[in-house]
Amino acid sequence: MPPQLVLLPGMDGTGDLFDPLLSALPPAPPPVVLRYPAREPLGYPTLEQRVRQALPAQAPFVLLAESFSGPLGAAIAAAPPPNLRGLILCASFVRAPHPRLGLARPLANWLPVTLLPRAVLHHLLLGAHGTPALRAALDRAVAQVAPAVMRARLQAVMAADQRAACAGVRLPLLYLQARHDRVVPPAAAMLVRQLAPQTLLVAIDAPHCLLQAAPEAAAAAIAGFLRTLDPAPAAGA
């Protein structure tokens with residue numbers, strides 16, 4: 001049996017948006033969805049501590065980090081628990097995807113992140129792939145999160161730089177790239193491949209919300225990657 005899949009959510013942190021992917025994945029071993037607090041504005045270091053505490057203690061697993069969670073996935077995979085077998089980054093990054101926006105980081109506290117017009121949010125995250133059901137699911141997820149939390153996560157993204165951690169990852173790594181991503185540019189995937197040459201890159205016809213808009217294609221790529229991994233510890237581990 002392949003290792004268990006542990007999923008880290010995007011900026012909403014709810015984990016609810018994984019539902020389309022969960023329906024497309026094989027049922028065994030059952031995937032685990034981790035969720036971030038909706039009312040606590042936590043940065044990456046504190047979130048990493050909480051994620052590490054919630055990871056499977058003994059069963060072999062693979063970490064999937066969606067979008068916002070990429071820096072967390074890289075940090076954990078660089079200093080992995082002994083039962084971590086691989087890392088999957090989906091439409092994600094290890095350094096701020098638009099580094100020049102870091103100059104605007106002090107303004108993040110004033111940005112109406114949760115008040116963006118729905119049409120703008122749908123355009124950025126779903127594009128032409130947005131269905132009424134996907135748009136409604138996205139709206140529900142964002143509505144659950146306090147504005148201060150979303151602003152804190154935006155600040156974390158603007159300051160993110162886990163290049164050193166990514167360069168230290170020795171585990172197998174899969175990068176799922178959305179061909180029609182309006183949020184994370186192709187350079188983010190290229191940087192991951194440069195830092196971690198073992199990275200397998202799979203491009204999928206999808207918007208930034210790749211796992212939601214193309215769950216079957218994503219599930220096929222993920223299942224194929226999991227089948228290549230040895231569920232047992234490496235010799236000497």
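Among contacts in the chain (heavy atoms within 4.5 Å) between residues at least 6 apart in sequence, 79% join residues at least 24 apart. The model is a predicted one, so local features need pLDDT of at least 70 and side-chain atom pairs pLDDT 80 or more, while totals for chains, interfaces and linings use all residues. Residues are numbered from 1 along each chain as its sequence is written, and side-chain values use heavy atoms, leaving out hydrogens and water.

The secondary structure comes to 10 helices and six strands. Of the 237 residues in the chain, 51% are buried. Here buried means under 20% relative accessible area, exposed means over 50%, and partly exposed is in between, with a 1.4 Å probe and protein chains only.

Let's turn to the helix pairs. Axes are lines fitted to C-alpha atoms, for helices over the stretch in contact, and angles run from 0 to 180 degrees between N-to-C directions.

| Helix pair | Axes come within | Crossing angle |
|---|---|---|
| Helix 2 (44-54) and helix 3 (70-78) | 10 Å | roughly 60° |
| Helix 4 and helix 5 (132-143) | 11 Å | roughly 110° |

That makes helix 4 roughly perpendicular to helix 5, whereas helix 2 and helix 3 are oblique to each other. For these words, angles under 35 degrees count as roughly parallel, over 145 as roughly antiparallel, 65 to 115 as roughly perpendicular and the rest as oblique. The crossing of helix 2 and helix 3 is right-handed, and the crossing of helix 4 and helix 5 is right-handed too. A crossing gets that label if the near helix is turned clockwise from the far one by less than a right angle, and is left-handed if anticlockwise.

Which residues of helix 2 and helix 3 meet? From helix 2 come Tyr44, Leu47, Glu48, Val51 and Arg52, and from helix 3 Pro71, Leu72, Ala75 and Ile76. The residues of this contact divide into seven nonpolar, no polar and two charged. In this scheme Ala, Val, Leu, Ile, Met, Phe, Trp, Tyr, Cys and Pro count as nonpolar, Asp, Glu, Lys and Arg as charged, and the others, Gly among them, as polar.

In the other pair, Arg118, Leu121, His122 and Leu125 of helix 4 meet Arg135, Leu138, Asp139 and Val142 of helix 5. By class, that contact has four nonpolar, one polar and three charged residues.

**The two sides of helix 8**

Helix 8 spans residues 186-195, and its buried residues are Ala188, Ala189, Val192 and Leu195. Seen down the helix axis, they fall within an arc of 130°, so they line one face of helix 8. The arc is that of the directions from the helix axis to the C-beta atoms. As background, an α-helix has 3.6 residues a turn, so residues three or four places apart point the same way. The buried residues of helix 8 pack against strand 4 (84-90), helix 7 (163-167), strand 5 (173-178) and strand 6 (200-204). Turned away from the buried side, the other face of helix 8 carries the exposed residues Pro186, Ala187 and Gln194.

**Backbone details in the loops**

Most residues other than glycine have a negative phi, and most peptide bonds are trans. Where does this chain have a cis peptide bond? A cis bond joins Ala28 and Pro29, with omega about -10°. Pro29 sits in the loop between helix 1 (19-24) and strand 2 (32-33).

Ser67 has a positive phi, near 45°. Ser67 belongs to the loop between strand 3 (61-66) and helix 3, and is buried, with a relative accessible area of 13%. Ala91 also has a positive phi, of about 45°, although it is not a glycine. Ala91 lies in the loop between strand 4 and helix 4 (118-125) and counts as buried at 1% relative accessibility.

**Two further loop residues**

Is His208 buried or exposed? His208 is buried, with a relative accessible area of 7%, and is found in the loop between strand 6 and helix 9 (210-213). Not counting residues up to four places away in sequence, His208 touches residues including Ser67, Ala91, Leu124, Leu125 and His180.

Pro56, in the loop between helix 2 and strand 3, counts as buried at 18% relative accessibility. With the same exclusion of residues up to four places away in sequence, Pro56 touches Gln4, Val6, Phe61 and Asn83. Pro56 and Gln4 are 52 residues apart in sequence and 8.9 Å apart in space, C-alpha to C-alpha.

Key: Helices (H or I, at least four residues) and strands (E, at least two) are DSSP runs, numbered from the N terminus.
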